[in-house]
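Please read this note with the model open beside you.

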Amino acid sequence: MIKYLAAFILFLATCSAYAQKADLLQQTKTVITHLQQKQFDSMYALFNADMQRQLSVSDIEIMWESFTEKYDSLTDVHETSIRKKDSLWMSETKLDFVKKSFILQLSLSSDGVVCGIFFRNINVPYAPPAYINMLTFYELKLNIAAKGISNEGILSLPKNNVKPPLVIIVGGSGPTGMDANSGPNKPYKDLAWALASEGVATYRYNKRTFNKANINMKHAAEFGLKEEYGDDIKALVNYFSRSDKIDTKRIYILGHSEGGFMLPYFAKENANKVKGYISLAGNVSTIADMLPYQFRFLKSLNPDSTAGKIFDDYIAKAEYMQRHVKSSTVEKDSMVLGMTLYYLKDMEKHQPANLISYLNNKPFLAIQGGRDYQVPPTELDSWKTLLKDACCAEFKTFDKLNHVMMEGEGAPNPSEYSAPANIPEYVPLFISGWILNQK
């Protein structure tokens, strides 16, 4: 649910465009020098007003100290590249630490003001699972418009099934793309290709939040579940219910993470056009209730380290949100991860507990990873309780899986998301078997 915590995304704001590359190259060097020499006050002075409002000098110091604590000292700074991105300029510089290398990305205005800073992992090529037979399916790019927004999507169709069932894959919270990229991994692509290999068509798409241009900032304060999920899913279901490429009576929605949270909402809004629903690490609890637990867990991984101290502020703000979600007003700077009171209230209103009756007469499958710290196994118990009177609900836990359905050992850790891996074959086999056995 909060996968973007794995990297240090500090802020990204809108600034004016067009700049001389030489000046921006020099500004990038200045930022790196300030970090190397621990001149955090000087670095803070380079930030735009929004970043300065949300961050303090001590926040920058903690970020850098936690980085060097984990990866040791900075040993080499490589050549910087500059490119235009929307109304900003983006500089990218490879930084070599003793233990690991990263790409430092800076978002810069035309006059060199720093609008965003981000450390990302070095790109490693995606490798599809060995168990997938690429000759058994084909893919079509398919963009389906909803309320004037057309989000890019891909339809994967098995070759040996004239009218296959269809699974619409719905991503989790945040700006999730159709493949759910995590380092070198693409879990939604793994799942889509594996299901198509087993005779089940899939459609995966970029959530509208994936493209910031889709979000009208004037109305961001009233951006809720309908805008993030509901409009697109209704458009997709209506489109495929008239398709000649799939069995229109066997349309399923698979929701991962917050996409799973949304399943009762989808059932309410799409009536009889969807046959069944699949939750993949879906949460029953709202984000307001989940975040304090998630932040406390992340802090527990290194409680006495500089990195651990970063979460103190997150925990305080998350607990504030949890206490005030039913209030009429909250302090804007006391929200975390860009949350708004409107969105949190919308989740409270449309949480599964309030809409579960719409799933009672539908085939429903919930799959949970035993090593998931973002949506812990107790959430599966909540699904079981809510669906105790359901006609056709099934629940499955795979002990080795984490939140993105990839295997690991021991205590879960966000760093494992960036290690090359694939969804194990038994997950799509279980899902496809369940779908193909539905009457």
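The points below take the salt bridges in turn, then a helix residue.

1. Ground rules. This is a predicted model: local features need pLDDT of at least 70, side-chain atom pairs count only at pLDDT 80 or more, and totals for chains, interfaces and linings use all residues. Residues are numbered from 1 along each chain as its sequence is written, and side-chain values use heavy atoms, with hydrogens and water left out.

2. The count. The whole structure holds 18 salt bridges (a side-chain nitrogen of Lys or Arg within 4 Å of a carboxyl oxygen of Asp or Glu). R83, E92 and R120 are linked in a network of them.

3. E228 and K207. Their closest N and O atoms are 2.6 Å apart. E228 lies in helix α6 and K207 in the loop between β11 (201–205) and α6, so the pair ties together parts 21 residues apart in sequence. Helices (H or I, at least four residues) and strands (E, at least two) are DSSP runs, numbered from the N terminus. E228 is buried at 5% relative accessibility, and K207 is buried at 1%. Buried means under 20% relative accessible area, exposed over 50%, partly exposed in between (1.4 Å probe, protein chains only).

4. D231 and K147. This salt bridge spans 3.6 Å, N to O. The two residues are 84 apart in the chain. D231 is buried at 12%; K147 is exposed at 62%.

5. S197. Helix α5 (residues 187–197) contains S197. S197 is buried, at 19%. Its contacts (heavy atoms within 4.5 Å) include I132 and F137, not counting residues up to four places away in sequence.
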